[in-house]
Amino acid sequence: MAASLQLNARSFTPHHVQSKSSPKIAPKFSSIRCSATTPVRRYTITLLPGDGIGPEVITVAKNVLQLAGSLEGFEFGFKEMPVGGAALDLTGVPLPEETLLAAKQSDAILLGAIGGYKWDTNEKHLKPETGLLQLREALKVFANLRPASVLPQLVDASTLKKEVAEGVDLMVVRELTGGIYFGKPRGFSINENGEEIGFNTEVYATYEIDRIARIAFETARKRRGKLCSVDKANVLEASMLWRKRVTTIASEYPDVELTHMYVDNAAMQLVRNPKQFDTIVTNNIFGDILSDEASMITGSIGMLPSASLGELGPGLFEPIHGSAPDIAGQDKANPLATILSAAMLLKYGLGEEKAARRIETAVLDTLNRGFRTGDIYSEGNKLVGCQEIGQEVVKSIDPKVPIAI
Ligand code: IPM
Ligand code: MG
C-alpha cells in the first residue's frame, strides 16, 4: 500500500484538540469489539448532507468513517440535519436553529455541499450559501485548512504539464470568519446619480489577523517551514494591516521562512510554478479563489478536503467542491474529497490519527487499484460511480490490521 497522504504527516494540532485530552467516554460499555473493562470512545457527529451531490457523497463518507472508527475501537452517533437549500425547502430558512444546536452539541460536523439553481435567485438571507456562512460564523471556525497535493496516481489528471504538477504539496490556510464576506457596512443603496449600487467592506481587526497568522506559522512549521502570506497590500488598507501583523507575528516563529506576495502574482505563480509553495496564508476571499485554483493543479476539485477550526468547539469538515447540480442524483460524483474530509475530521476534530490514516491509505489504495470517477478518469483505469468507488475504499480499509487502543 502507498504511503499516507502528505498532509497527514506534517499538520498541526489545533488548541481544542490538544486540550481535549480524554475523548468522550460513553457511560455504557456497549461495544462487542472491546473487552468488558475497556470503555468505548463514542463521538457524536452531525451530518449535513445539504444539496446537489451532497447527500450522495455524505452517505459514502459515513460508511467509510464508521468502519475506520470501529477498527480503531470507537463508535459514532450520527445525527443528520438539513442545511442550505434542503433546509429552505423544509423549514424556510437555510440554517434552522435545530441544525445549529445539533452542530454545536456534537464533536464534529461533516458537511456535503450546498446550493443549486433552484435557489440561485433567492434574496440573500434566503440563499443556501447564507446558511453555510451563518454556520461558520456561529461555530467561530476562523481557520480553514485546504490542502492540495498532487497524488502520483492522478498526475495525468492535472491540466498542467506533468513536470509542473508532479510533487506539488501545499496547504492554503484561509481566514474564514472575517473580511469582505462578513464586513459591514454592506448592502444595496442608491448613489448620487440615482443608480442602484451594491457594496461590501473588506475589514480585518488585528486579533483576527494575529490568530490566523499563528495557525499558519504552526502549520508551516510542521510542514516544510515556508509560509507565503498573500494580500493586496499595494492597494487595500485591510491588506496593509494584514502584512504588518503577519510580519510582527513572524518574530515568534524564527524557524519559519516568511514571504509576502500580492494576490494577482500568487494566482499567476500557482499555475507557473506551484512547487514553490508550501503553506499559504490569506484572507477569506483570496483564500476562496486561490484554493479553487490550487485544486485544479491536483487534477480535480473532487479530491480536495477541508477542515474549519476554531479555538473551542467542534470543527466543520467539508469537501471544497460545490453541490454540482448538473450531476446530482446520477451517481457520478467523486466522493473522495468528502472521504478525505472525514479523515481530517478524525485527525483534527477528534485527535484519532490512526483512524484518519486508515482512510487516507485506503483512498490511495483504491486509486492504486485503478478505480476512478469520471472527473479523474484516464485511459486504462476503471470508470466507476460514487457508490462503487466508496465500496472500494471500504474494501481497502484493511480489517485484518489489529485494533489499536
Ligand atoms: C467555499 C465556497 C463557499 C465560500 C460558498 C459556497 C459560500 O465557495 O467553501 O469555498 O465562498 O466560502
Ligand atoms: Mg469556494
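The legends below describe close-up views of a predicted model.

**View 1. The protein chain as a whole.** In this predicted model, the secondary structure of the protein chain comes to 14 helices and 14 strands. The chain has 405 residues, and buried residues make up 55% of them. Among contacts with a separation of 6 or more, 75% are between residues 24 or more positions apart. The structure holds zero disulfides.

**View 2. The largest nonpolar core.** This core has 90 residues. The members that touch the most other members are F217, M303, F317, L336, I339, L346 and I359. Helix α12 (residues 336-349) supplies the largest share of the core, nine residues. At least three core residues come from each of domain 1 (41-144 + 303-400) and domain 2 (155-299). Apart from this core lies another one, of 16 residues, including L95, L100, I114 and L176.

**View 3. Surroundings of L346.** L346 is one of the members of the largest nonpolar core that touch the most other members. Leaving aside neighbours within four places in sequence, L346 is in contact with L65, F74 and F76, and also with G351, E352, A355, A356 and I359. Of these partners, I359 is itself listed with L346 among the core members that touch the most others.

**View 4. R174 in strand β5.** R174 lies in strand β5 (residues 169-175). Is R174 buried or exposed? R174 counts as buried because its relative accessibility is 1%, and the limit for buried is under 20%.

**View 5. Packing of helices α3 and α14.** Helix α3 (residues 54-71) packs with helix α14 (residues 386-396) at an angle of about 10°. The axes of α3 and α14 are 10 Å apart. Angles under 35 degrees count as roughly parallel, so α3 is roughly parallel to α14. On the α3 side, the residues that meet α14 are E56, V57, V60, V64 and L67. On the α14 side, they are C386, Q387, G390, V393 and V394. One of these, C386, is buried, with 1% relative accessibility.

**View 6. Packing of helices α10 and α11.** Helix α10 (residues 263-272) and helix α11 (residues 284-297) have axes that come within 10 Å and cross at roughly 10°. This makes α10 roughly parallel to α11. V263, A266, A267, L270 and V271 form the α10 side of the contact. Their partners in α11 are F286, L290, E293 and I297.

**View 7. P49 in strand β1.** P49 has its place in strand β1 (residues 41-50). The residue is buried, with a relative accessible area of 9%. Which residues does P49 touch, not counting those up to four places away in sequence? They are G54, P55, I58, E80, M81, G112 and A113. P49 and E318 are 269 residues apart in sequence, with a C-alpha to C-alpha distance of 9.9 Å.

**View 8. The cis peptide bond at P185.** K184 and P185 are joined by a cis peptide bond, with omega about 5°. P185 is found in the loop between β5 and β6 (187-190). Strand β5 is also where R174 lies.

View 9. Phi of K140 is near 55°, a positive value in a residue other than glycine. K140 is in the loop between α6 (128-139) and β4 (143-149). With 60% relative accessibility, K140 counts as exposed. A324 also has a positive phi, near 40°, and is likewise a residue other than glycine. The place of A324 is in the loop between β12 (315-317) and α12. A324 is partly exposed, with a relative accessible area of 23%.

View 10. A disulfide is a covalent bond between the sulfur atoms of two cysteines. The structure holds zero disulfides. C228 is buried, with a relative accessible area of 5%. C386 is buried at 1% relative accessibility, and meets α3 from its place in α14.

Technical notes:
Residues numbered from 1 in each chain as written. Chains lettered and ligands numbered in written order. Predicted model: local features only at pLDDT ≥ 70, side-chain atom pairs only at ≥ 80, totals over all residues. Heavy atoms only, no water. Core = buried A, V, L, I, M, F, W, Y, C linked by side-chain atoms within 4.5 Å. Buried < 20%, exposed > 50% of the residue type's maximum accessible area, 1.4 Å probe, protein only. Helix = DSSP H or I, 4+ residues; strand = E, 2+ residues; numbered from the N terminus. Domains from an automatic or database assignment. Contact = heavy atoms within 4.5 Å. Disulfide = S-S within 2.5 Å. Axes fitted to C-alpha atoms, helices over the stretch in contact; angles between N-to-C directions. Parallel < 35°, antiparallel > 145°, perpendicular 65-115°, else oblique.
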